[in-house]
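Student: I have a model open and would like to work through its packing. Can we take it step by step?

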Amino acid sequence: MAQQAITGDMLVGQVMAQFPQAVDALYEQGMGCIGCPASQAESINDASAVHGLNPLDVVAALNAKLQ
């Protein structure tokens, strides 16, 4: 099993900067994070909770975009 490149404890802004191809997955999950100031200090787990999403599903969708 391949190791995940994106984890729930990573900051949303960090993910967008390091993996630009994952931005579409954020939108598809219902997270319009581009330009949101909170994205610079909020983890994927925290942002998922704010949006009422399961963080495991969000992380899986983000990592799927990297395949």
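Student: Which helices do the buried residues of α4 pack against?

Tutor: This is a predicted model, where local features need pLDDT of at least 70, side-chain atom pairs count only at pLDDT 80 or more, and totals for chains, interfaces and linings use all residues. Residues are numbered from 1 along each chain as its sequence is written, and side-chain values use heavy atoms, with hydrogens and water left out. Helices are DSSP runs (H or I, at least four residues), numbered from the N terminus. The buried residues of α4 pack against α2 (23-28) and α3.

Student: Which residues of α4 are buried?

Tutor: Buried means under 20% relative accessible area, exposed over 50%, and partly exposed in between (1.4 Å probe, protein chains only). Helix α4 spans residues 55-65. Its buried residues are Val58, Val59, Ala61, Leu62 and Asn63.

Student: Is Ser48 buried or exposed?

Tutor: Ser48 lies in helix α3, residues 44-50. Contact means heavy atoms within 4.5 Å. Leaving aside neighbours within four places in sequence, Ser48 is in contact with Met31, Leu53, Asn54, Pro55 and Val58. Because its relative accessible area is 0%, Ser48 is buried.

Student: Which backbone nitrogen does a side-chain oxygen of Asn54 reach?

Tutor: Look at the start of α4.

Student: Which residues does Leu26 touch, not counting residues up to four places away in sequence?

Tutor: Leu26 is among the residues with the most contacts inside the largest core. Its partners are Val12, Met16, Met31, Cys33, Ile44 and Leu62.

Student: Where does Gln21 stand, buried or partly exposed?

Tutor: Gln21 lies in the loop between α1 (12-18) and α2. Beyond four places in sequence, Gln21 touches Lys65 and Leu66. Its relative accessibility is 40%, so Gln21 counts as partly exposed.

Student: Which element has the highest mean pLDDT?

Tutor: pLDDT is the predictor's confidence in each residue, from 0 to 100. The protein's mean is 89, and 96% of its residues reach 70 or more. Among the elements, α2 has the lowest mean (90), and the highest (95) belongs to α4.

Definitions and conventions:
Helices (H or I, at least four residues) and strands (E, at least two) are DSSP runs, numbered from the N terminus. A polar contact is a pair of N or O atoms within 3.5 Å; within protein, one must be able to donate a hydrogen and the other to accept it, and residues adjacent in sequence count only if both atoms are side-chain atoms. A nonpolar core is a set of buried Ala, Val, Leu, Ile, Met, Phe, Trp, Tyr and Cys residues joined through side-chain atoms within 4.5 Å.
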